[in-house]
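Colleague: I'm new to reading structures, and I'd like to look closely at just one part of this one. Could you pick a helix and walk me through what surrounds it?

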Amino acid sequence: MQDEEQDRYRAPALDKGLDILELLAGVDGGLTQAEIAKRLGRSPNEFYRMLDRLVKRGYVTRIDGDRFSLTLKLFGLAQLHAPVRRLVSFAVPVMRELAEASRQANQLVVFDRGNPVVIAQQEAPGYWGISIRVGSRIGLFDTGSGHVLLAFRSQKERERMIAEHVGDGDAGGRMTAEFLARLDGIRARGHETMPSAQTAGVTNLSAPVLGADGTALAALTVPYIGLIGTPAAPDVSEVVRFLVAAAGRLSDMTGAGFTAPGA
């Protein structure tokens with residue numbers, strides 16, 4: 001009787017989509033449409049439309065032409081749920097202290113559905129500073145935040161993030177030897193320092209907020225500007241130290257037990 005009651009509320013199309021997502025979540029390297037059908041005990045034709053919709057909605061991506069792989073969209077959605085709200089609540093006082101010490105603005109950024117997204121912003125304490133609206137979606141390849149989020153992820157996770165960002169599954173074309181070496185350098189230093197690709201005279205300083213497994217949950221970033229006529233303002237190297245220490249504190253709050261290089 002209980003099984004009959006449950007069957008009254010079945011949604012076959014939804015079940016089919018969830019079956020695909022759950023299958024791909026446990027597979028490395030993706031599966032073809034025929035392989036998906038075989039593993040789920042169904043005809044390949046049953047999955048054509050469902051796979052097409054999952055690709056268009058960003059939950060699944062094509063790799064190597066005919067293979068389907070899970071993207072990080074579900075991970076991104078989870079990131080913006082309660083855990084991220086808790087991270088922001090922990091981060092606000094640390095970000096405020098960082099702004100006071102550095103005399104610079106700062107922001108907290110996570111990866112969500114193909115882009116780094118600003119989830120918290122702290123204004124500079126003085127008259128001058130670079131501000132980015134909360135909710136802004138920024139670049140993955142041309143920002144310090146994007147570099148840090150990639151640097152502190154596994155190779156497989158990097159490829160998925162890049163595939164989701166570029167939208168065409170061509171993650172391999174972005175993973176050049178030069179770019180990978182840059183990411184390795186960021187990981188070794190514990191932070192990124194690079195000129196802003198969007199605003200002249202701004203240097204992006206970014207450090208990771210790490211989870212217990214060493215994965216970057218977020219990037220803490222200072223868009224550094226030189227303050228003329230403010231003798232007490234810290235220089236770039238001092239601000240980097242403040243930033244890395246602040247990111248380390250946030251990492252400790254996540255249970256990572258993280259000690260940043262140079263902190």
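Modeller: Let's start with a word we'll need: two residues are in contact when they have heavy atoms within 4.5 Å of each other. Keep in mind, too, that this is a predicted model.

First, the setting. The protein has 263 residues, and 45% of them count as buried. Its secondary structure comes to 10 helices and 8 strands. If you take the contacts between residues at least 6 apart in sequence, 56% of them join residues at least 24 apart.

Now for our helix, α9, which runs over residues 177-189. With 13 residues, α9 reaches 18 Å from its first C-alpha to its last, close to the 18 Å expected at 1.5 Å a residue.

Which residues of α9 are buried? They're Phe179, Leu183 and Ile186. These three cover an arc of only 55° around the axis, so they sit on the same side of α9. Turn to the other side of α9 and you'll find Ala177, Glu178 and Ala188, which are exposed. As a reminder, "buried" is used for under 20% relative accessible area and "exposed" for over 50%.

And what covers those buried residues? The cover includes helix α7, helix α8 (155-166) and strand β6 (192-195).

Let's zoom in on α7, residues 144-151. The axes of α7 and α9 come within 9 Å and cross at roughly 85°. That angle makes α7 roughly perpendicular to α9, because anything from 65 to 115 degrees counts that way. On the α7 side, the residues that meet α9 are His147, Val148, Leu150 and Ala151. On the α9 side, they're Phe179, Arg182, Leu183, Ile186 and Arg187. Sort the residues of this contact by type and you get 6 nonpolar, 1 polar and 2 charged.

Follow the chain past the end of α9 and you come to Gly190, whose phi is positive, near 90°.

While we're on phi, here's a spot elsewhere to compare. Arg103 has a positive phi as well, near 65°, and this residue is something other than glycine. You'll find Arg103 in the loop between α6 (82-102) and β4 (106-112). Arg103 counts as partly exposed because its relative accessibility is 31%.

How values were computed. Residues are numbered from 1 along each chain as its sequence is written. This is a predicted model: local features need pLDDT of at least 70, side-chain atom pairs count only at pLDDT 80 or more; totals for chains, interfaces and linings use all residues. Side-chain values use heavy atoms; hydrogens and water are left out. Axes are lines fitted to C-alpha atoms, for helices over the stretch in contact, and angles run from 0 to 180 degrees between N-to-C directions. Helices (H or I, at least four residues) and strands (E, at least two) are DSSP runs, numbered from the N terminus. Angles under 35 degrees count as roughly parallel, over 145 as roughly antiparallel, 65 to 115 as roughly perpendicular and the rest as oblique. Ala, Val, Leu, Ile, Met, Phe, Trp, Tyr, Cys and Pro count as nonpolar, Asp, Glu, Lys and Arg as charged, and the others, Gly among them, as polar. The expected span of a helix is 1.5 Å times one less than its number of residues. Buried means under 20% relative accessible area, exposed over 50%, partly exposed in between (1.4 Å probe, protein chains only). The arc is that of the directions from the helix axis to the C-beta atoms.
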